[in-house]
Amino acid sequence: MFTRSIDDVEKVEWGNGTSQRVLTAKDNMGFAVAHTVVRKGTSSPLEYRNHLEACYCIGGSGTVWNADRTERFDITPGVIYVLDKHDPHHLEASDDEDLVLVSIFNPPITGDEKHVLTEDGFSAY
């Protein structure tokens, strides 16, 4: 058994927010957990080609869209969104507040991955 605080882990800048990876592959749990903040007013085209991801909202609000923006899902505290097919998606925080998520990855991330947001497609790892 062990504990770890977000205060004890590095804050990784990923483009439009930060991620504090509180549980990673080196912990040998079979999944990873991150505290993710998406900055207000931002939109991020993201994809996880090597991981499945579920994000549980614990603060703020935002929207997640499918790749071609034909499906919209509003995200508020208590809502989870699940990327069960390595789905490319657009993650947006509302204009007036940051979106705060608990992100779970399977298989686990190593903790040093970073998105590179560009105009030419979805940032992926």
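Strands are DSSP runs of at least two residues, numbered from the N terminus. The model discussed here is predicted.

Q: Where is the place of aspartate 95?
A: Strand 9 covers 89-93 and strand 10 covers 99-106. Aspartate 95 falls in the loop between strand 9 and strand 10.

Q: Is aspartate 95 buried or exposed?
A: Exposed means over 50% relative accessible area. Aspartate 95 has a relative accessible area of 69%, so this residue is exposed.

Q: Which residues form a negative surface patch?
A: Asp and Glu count as negative. The negative surface patch consists of Asp95, Asp96, Glu97 and Asp98.

Q: Is threonine 63 buried or exposed?
A: Threonine 63 lies in strand 6, residues 62-66. Buried means under 20% relative accessible area. The relative accessibility of threonine 63 is 8%, so the residue counts as buried.

Q: How many residues apart are aspartate 27 and arginine 4?
A: Aspartate 27 and arginine 4 form a salt bridge, with their closest N and O atoms 2.8 Å apart. The pair links distant parts of the chain: aspartate 27 is in the loop between strand 2 and strand 3, and arginine 4 is in the segment before strand 1.

Q: Which residue meets arginine 21 in a salt bridge, side chain to side chain?
A: Side chains of opposite charge can pair when their charged atoms come close. The N to O distance for arginine 21 is 4.0 Å, and the partner is glutamate 113.

Key. Residues are numbered from 1 along each chain as its sequence is written. This is a predicted model: local features need pLDDT of at least 70, side-chain atom pairs count only at pLDDT 80 or more; totals for chains, interfaces and linings use all residues. Side-chain values use heavy atoms; hydrogens and water are left out. Helices (H or I, at least four residues) and strands (E, at least two) are DSSP runs, numbered from the N terminus. Buried means under 20% relative accessible area, exposed over 50%, partly exposed in between (1.4 Å probe, protein chains only). Patches are made of residues with over 30% relative accessible area and no salt bridge: like charges are joined within 9 Å, nonpolar side chains (Val, Leu, Ile, Met, Phe, Trp, Tyr) within 5 Å. Accessible areas come from the Shrake-Rupley method with a 1.4 Å probe; for residues, only the protein chains shown count as cover. The place of a charge is taken as NZ of Lys, CZ of Arg, CG of Asp or CD of Glu.
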